[in-house]
Amino acid sequence: MSADLTPVLGESRALEACRAAVDGARAAGADEAEAFLTGRAGSWTRFAEDRISQPQDITEWQLMVRASVGGRSARIATTDLAAAREAGARAATRARVLTEVAGPLPVLPAPAAAPALPPLGADVLWAEDTAGWDVGARVGTARTAMAAARAAGGSAFGVLGQAVGEVAVVTADGSTRYAAGTEALGSLTVRVGDGTSHWVDLDRRLGVLAVDAAVATTVEEAVRGQGRRELPAGRYDVVFGPLATGGLLEGFESFGFSGDAVADGVGAVATRQGERVAPASVDVADDPRARRGLPFPFDLEGTPSSRVPLLDHGVVGGAVTDRASAARAGLAATGHAHIAREETPHPTPSSLTMAAGDASTAELLAGVERGVYVQRLWYLRVVDPVATTLTGGSRDACFLVEDGRLAGALAPARFTESVFGALSRVDAIGRDVLAQPLPNVWNGAVTAPAVRVRGFRFGPHGSPPPTPTPTPTPARG
């Protein structure tokens, strides 16, 4: 590993803290206990218009221990690793009090065993070019972007950063897991007049991001995006750029692709598994082992994370699970345990991936006589999870398409559409992909190509979204 970027705690110290928490819980009478520790160290360079606006270094970690007594569980989280054993004891005490007050619960049977998976190689998780992407190099790239935007008569806003994340787990049966991975993030918004364009990408490997090419393209699109006109309501053939496609996929978390939804008998997997909803070319999975994006070998329960086909070549596939939801639903644990601030533990897709096709963007556009190009979507909200209906707006470099080529620039437009409905009308898929963060999901990323969708409806539901302001993707601190 490079000396420029190292894990916050390292394997020995992280596992030692987890073991202390578990030992504390056991000593306090817990029937079973487990603990995980997440750590992250990152360095980001933020810039706006003509200056570096915020150099930022963040180092953080959190230990969480779960103790179970009489089938009731309690969790304690702390950043004080010296108090790890005490945190475990407190979790056990709370679980015992809960059992005394509310009564014991039957212990769920263990889920079906997770499939055996080969380990992810060090070259998948760690990239020296990312570890060596120091402040000087990032400032140089930021200055290049700002100068290019200024030369075009506009301004640039963005963030460039490197990070290393680590996870240590001591499971209920006493086994241990530890891994660490690098992360490179680039985000850029360029504004020229009323034209804007946006780019974001992330990966374990800096070289995949092609930052210099992205700067040139983003500036060019912002220049071309001036003179925006309103888009009349109606159905259009639409080419969604990779970021826009990724936005459509974000809603999968709400559409019933989890073990909890299966156990409750609701959502896509419980009610439509095996049904074809899109052409075979549409292949969507949650794949924590995919090279692109942020691969990671196991979840916060220490379960090996496996690829789960969600739309298996257009057919509704399976659900992601943690141990509890797998037991409830009678499924195998897939290694998708997740817990975030102000959320109860639950399984969630964290590595959404759509398979690329073989078309260039020009070839996708060539198949549109009159339609729309959408660079990205924003302000997305799920309206109807059963119907997979999503509402939101287009944003930044959006264009009218005439005779297979980009024509005039378009202002943001509101839409309310079924995601499955849109995917059912995909007739071509691009070969280039971009990865972007999944909001509020640890190590979450969605990786997608451009797609061409026939008959996508914009308006008239709701009013147009607010005028966007340049707000680059926040660092994942």
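Which residue forms a salt bridge with Arg370? Glu402 does, with the closest N and O atoms 2.8 Å apart. A salt bridge here is a side-chain nitrogen of Lys or Arg within 4 Å of a carboxyl oxygen of Asp or Glu. Glu402 lies in strand β17 (residues 398–402) and Arg370 in strand β14 (residues 370–374), so the pair ties together parts that are 32 residues apart in sequence. Strands (E, at least two residues) and helices (H or I, at least four) are DSSP runs, numbered from the N terminus. Glu402 is partly exposed, at 36% relative accessibility. Relative accessible area under 20% counts as buried, over 50% as exposed, and in between as partly exposed (1.4 Å probe, protein chains only).

The model is predicted: local features need pLDDT of at least 70, side-chain atom pairs count only at pLDDT 80 or more, and totals for chains, interfaces and linings use all residues. Residues are numbered from 1 along each chain as its sequence is written, and side-chain values use heavy atoms, with hydrogens and water left out.

Across the whole structure, 23 salt bridges are found. One of them joins Arg150 and Asp50, at 2.7 Å from N to O. This pair links distant parts of the chain, 100 residues apart. Arg150 sits in helix α5 (residues 135–151). Asp50 sits in the loop between β1 (32–48) and β2 (51–69). Arg150 is partly exposed, with a relative accessible area of 45%. Asp50 is exposed, at 54%.

Asp396 and Arg395 also form a salt bridge, at 3.7 Å from N to O. Asp396 is buried, with a relative accessible area of 4%. Arg395 is buried too, at 5%. Elsewhere, salt bridges with shared partners join Glu32, Glu34, Arg66 and Arg323 into one network.

The structure holds 12 aromatic pairs. Rings of Phe, Tyr and Trp (its six-membered ring) pair if their centres lie within 6.5 Å; planes under 30 degrees apart are stacked, over 60 edge-to-face, and the rest tilted. Phe255 and Phe420 form an edge-to-face pair, 6.2 Å centre to centre, with 75 degrees between the planes. Phe255 lies in the loop between α7 (242–250) and α8 (259–264), and Phe420 in helix α12 (residues 419–424), so the pair ties together parts 165 residues apart in sequence. Both Phe255 and Phe420 are buried. Ring pairs also link Phe240, Phe415, Phe456 and Phe458 into a cluster.

Two arginines sit over rings. The criterion is NZ of Lys or CZ of Arg within 6 Å of the ring centre and within 35 degrees of the ring normal. The charged end of Arg13 sits over Trp61, 5.9 Å from the ring centre. Arg381 lies over the face of Tyr379, at 5.0 Å from the ring centre.
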